[in-house]
Amino acid sequence: MSRSAHPAGPRHADVLPEGHYSAPPTDLNSLDPKVWSQTVERNADGVVTVGGVDVKALAEEFGTPAYVLDEADFRARARAWRTAFGADADVFYAGKAFLSRAVVRWLHEEGLNLDVCSGGELATALSAGMPAERIAFHGNNKSPEEIERAVRAGVGRIVLDSFQEIVRVAHIARSLGKRQPVQIRVTVGVEAHTHEFIATAHEDQKFGIPLAGGQAAEAVRRALQLDGLDVIGIHSHIGSQIFDMSGFEVAAQRVVGLLKDVRDEHGVELPEIDLGGGLGIAYTSDDDPREPHEIAKALHEIVTRACEAARLRTPRISVEPGRAIVGPTAFTLYEVGTTKQLEGLRTYVSVDGGMSDNIRTALYDAEYSVALVSRTSDAGPMLARVVGKHCESGDIVVKDAFLPADLAPGDLLAVPATGAYCRSMASNYNHVLRPPVVAVRDGEARVVVRRETEEDLLRLDVG
Ligand SMILES: *Cc1c(COP(=O)(O)O)cnc(C)c1O
């Protein structure tokens with residue numbers, strides 16, 4: 001049942017013609033509210049401000065590169081998801097998108113739950129006071145130590161990802177005298193990216209247990225037999241940067257099909273389903289993401305309809321947005337170091353970070369936009385490639401960007417929508433120091449994750 005190809009998906013970006021870009025914007029100084037966090041604007045001097053703090057002051061105080069996180073925008077997005085899904089559903093923020101103790105506290109205060117997928121993420125969540133029962137623990141290869149810590153802490157759910165793990169978690173829970181709530185992660189044969197999805201009969205991926213061939217049904221059967229487990233539901237996560245709800249529709253129908261089989265075979269109606277994350281955001285002005293209330297309404301309708309058809313009580317729904325909450329809330333602030341015009345080829349603009357602070361362009365062929373933020377300019381547009389400072393020609397931050405032709409060393413550039421999967425995937429390649437995360441709110445800026453130092457690097461290197 002192949003619906004269509006998905007040429008715009010990150011794994012298929014090679015389908016795009018070389019040099020694909022829109023016409024230059026009519027005003028290079030304008031800031032599209034779609035890609036910038038809510039409090040971003042230009043002040044009377046033409047300098048961009050966020051949370052009431054101007055970027056020149058930020059660069060002066062905290063240095064560049066830096067991730068600048070708009071706390072009001074983060075809270076507003078978290079709250080919008082919480083409100084949209086209401087009291088009979090749960091929103092789990094996917095911590096892998098970006099996790100820090102400040103963010104954990106904001107999520108807690110805004111009434112969200114939290115997904116973690118490693119001992120390190122679990123430790124961060126617990127150390128910032130997230131109640132264990134509001135934490136879900138994911139991963140396709142959780143270590144026995146990680147499982148034991150999660151069970152001891154009393155996490156609200158462990159999402160089981162393999163037959164071995166079903167036995168492993170049951171054993172550990174029983175040995176601790178506990179009954180661990182679990183969901184079983186299934187693969188439903190839907191592969192979704194951006195605007196399109198493909199529904200297939202089987203899944204070739206490392207996550208989850210396939211519905212195909214009755215494997216997921218067998219997993220539920222085994223889990224229901226084990227004392228240490230309380231099987232609370234089924235989990236499905238279909239992809240990332242998705243705009244089209246039809247992939248969720250097929251996934252939800254297939255998950256409900258499993259709930260019905262479980263009811264028919266075992267006489268139990270599992271009370272929860274989790275539809276995962278993956279909702280898209282605007283990286284450039286070409287993207288049109290949906291609002292949380294539209295997504296919530298669509299998912300509720302899809303699940304309710306499928307359950308009515310199967311004569312099942314509608315289960316409690318949960319979702320796991322990561323990118324859709326944190327992605328738009330931050331930009332990366334860079335300083336221009338050099339510019340290089342290669343006649344008849346391209347103009348390169350080098351900034352003081354690169355693939356160590358944003359690997360997504362190199363890894364997924366991701367598209368970003370960029371703006372001159374330390375001043376306005378009346379110069380015409382030049383098509384440029386913004387690159388980093390690493391010893392690697394694939395070190396590209398923004399593949400094709402229109403910037404003012406008078407751009408010069410010392411100018412500050414900002415790349416919006418870098419809140420998700422940038423700091424969390426940052427590396428020390430070339431022994432470059434990972435940038436700080438600076439949170440701004442109501443005219444004040446504070447470091448929530450500090451810049452790495454050479455001492456930090458050398459401390460790990462014990463000679
Ligand atoms: C990555 C992931 C998410 C979050 O994905 P986003 O694209 O950031 O929304 C949610 N759930 C699971 C299981 C994931 O692996």
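**Ligand surroundings and annotated residues**

A polar side-chain atom of Lys96 sits 2.6 Å from an oxygen atom of the ligand. This comes from a predicted model, as does everything that follows. On the nitrogen side of things, an N or O atom in the side chain of Glu320 is 2.7 Å from a nitrogen atom of the ligand. His237 also brings a polar side-chain atom to 3.5 Å from a ligand nitrogen atom. The protein buries 92% of the 390 Å² that the ligand exposes when taken alone. In total, 14 residues surround the ligand, and the closest are Lys96, Gly278, Glu320, Arg323 and Tyr421.

Two of those closest residues, Arg323 and Tyr421, turn up again in the database record. In an unreviewed entry, UniProt lists Arg323, Arg360, Tyr364, Glu392 and Tyr421 under "binding site". These residues span 99 positions in sequence and their farthest two C-alpha atoms are 27.1 Å apart, so the set does not all gather at one spot.

Arg323 is placed in helix α10, which covers residues 323–326, while Arg360 belongs to helix α11, residues 360–364. With a relative accessible area of 9%, Arg323 falls under the 20% cut-off and therefore counts as buried. Arg360 is buried too, at 5% relative accessibility. Leaving aside residues up to four places away in sequence, Arg323 touches Arg360 and Tyr421, along with Ala97, Ser240, Gln241, Leu279, Ile281, Tyr283, Pro328 and Ala420. Seen from the other arginine, and with the sequence neighbours again set aside, the contacts of Arg360 include Arg323, Tyr283, Ala420 and Tyr421. Asp365, Ala366 and Tyr368 are also among the residues that Arg360 touches.

Elsewhere in the chain, helix α3 (residues 101–109) has several buried residues, namely Ala102, Val103, Val104, Trp106 and Leu107. Just after α3, Gly111 takes a positive phi of about 85°.

There is also a bit of sheet to describe. Three strands, in the order β1-β2-β3, make up an open sheet with antiparallel pairing. The edges are formed by β1 (41–42) and β3 (53–54), each of which pairs on one side only. Strand β2, residues 48–50, runs antiparallel to β1 and is joined to it by two bridges. In one of the pairings, Arg42 has Val48 of β2 as its bridge partner.

Technical notes: Residues are numbered from 1 along each chain as its sequence is written. This is a predicted model: local features need pLDDT of at least 70, side-chain atom pairs count only at pLDDT 80 or more; totals for chains, interfaces and linings use all residues. Side-chain values use heavy atoms; hydrogens and water are left out. Two strands pair if DSSP finds at least two bridges between them. Helices (H or I, at least four residues) and strands (E, at least two) are DSSP runs, numbered from the N terminus. UniProt positions are given in the numbering used here, feature names are shortened, and annotations may be inferred rather than shown by experiment. Buried means under 20% relative accessible area, exposed over 50%, partly exposed in between (1.4 Å probe, protein chains only). Contact means heavy atoms within 4.5 Å. A residue is near a molecule or strand if one of its heavy atoms lies within 4 Å of it. A polar contact is a pair of N or O atoms within 3.5 Å; within protein, one must be able to donate a hydrogen and the other to accept it, and residues adjacent in sequence count only if both atoms are side-chain atoms. Accessible areas come from the Shrake-Rupley method with a 1.4 Å probe; for residues, only the protein chains shown count as cover.
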